[in-house]
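The following exercises concern a single protein chain. Please examine the sequence and the model before working through each solution.

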Amino acid sequence: MNRSVPPQLSTAELASEAAELIRAAGLAAQPGGPPGLLHLADAAHVVGALAGLTARLPELLDQVAAFLSSEQATGRIGPQPTRNDHAGAEFDAIRLARDAREHLYEAGRTAALLAESVAAASTALSPMGATRTAGGPTTPHV
């Protein structure tokens, strides 16, 4: 199922759609989930697709971190007043953005390791992706 991606979607909307599709795939892979995994080739295809997805995660995480850096450098991230009128009742958006960037960079490194592992699994399963035996399973594997 290769549906085209509407070009007008924002990065945030695309990421939300991707998360929802991964959630739905996880539910479908559960026993009794429609249509589930029927063949070894299905598992190989899923892992191959996830290899492509995970390979792209580090770059996207780095791009979000770079965006935060750019926003801070241009002065668009700064202390924000809260609804609380107490003196000093501001939260430090600069610190929070810095912390988020550090977490995103670490997530990018972790995602790169994940991508390597999933790619290795995909390589191991790739010979199975070409075979579908006639009369193979017709119900999802449990």
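**Exercise 1. Architecture**

How many helices and strands does the secondary structure of the protein comprise? Give their order as well.

Step 1. The model is predicted, so local features need pLDDT of at least 70 and side-chain atom pairs count only at pLDDT 80 or more, whereas totals for chains, interfaces and linings use all residues. Residues are numbered from 1 along each chain as its sequence is written, and side-chain values use heavy atoms, with hydrogens and water left out.

Step 2. Elements are DSSP runs numbered from the N terminus: helices are H or I runs of at least four residues, and strands are E runs of at least two. The protein has 3 helices and 2 strands.

Step 3. Read from the N terminus, the order is α-α-β-β-α.

**Exercise 2. Burial and contacts**

State what percentage of the residues is buried, and characterise the contacts by sequence separation.

Step 1. Buried means under 20% relative accessible area, exposed over 50%, and partly exposed in between (1.4 Å probe, protein chains only). Of the 142 residues, 19% are buried.

Step 2. A contact requires heavy atoms within 4.5 Å. Among contacts between residues at least 6 apart in sequence, 68% join residues at least 24 apart.

**Exercise 3. The nonpolar core**

Which residues form the largest nonpolar core, and which helix supplies its largest share?

Step 1. Such a core is a set of buried Ala, Val, Leu, Ile, Met, Phe, Trp, Tyr and Cys residues joined through side-chain atoms within 4.5 Å.

Step 2. The largest core has 6 residues: Ala65, Leu68, Ile77, Ala93, Ala97 and Leu104.

Step 3. Helices H2 (40-73) and H3 (93-129) each contribute at least two residues to this core. The largest share, 3 residues, comes from H3.

**Exercise 4. Salt bridges**

Step 1. A salt bridge places a side-chain nitrogen of Lys or Arg within 4 Å of a carboxyl oxygen of Asp or Glu. The count is 6.

Step 2. Arg98 pairs with Asp99 at 3.2 Å, N to O, and with Glu102 at 3.8 Å, N to O. Glu102 and Arg98 are separated by about one helical turn because they lie 4 residues apart in helix H3.

Step 3. Arg98 is partly exposed at 37% relative accessibility; Asp99, at 24%, is partly exposed, and Glu102 is partly exposed at 47%.

Step 4. Arg109 and Glu106 form a salt bridge at 2.6 Å, N to O. Being 3 residues apart in helix H3, Arg109 and Glu106 are separated by about one helical turn.

Step 5. Through shared partners, salt bridges join Arg95, Arg98, Asp99 and Glu102 into one network.
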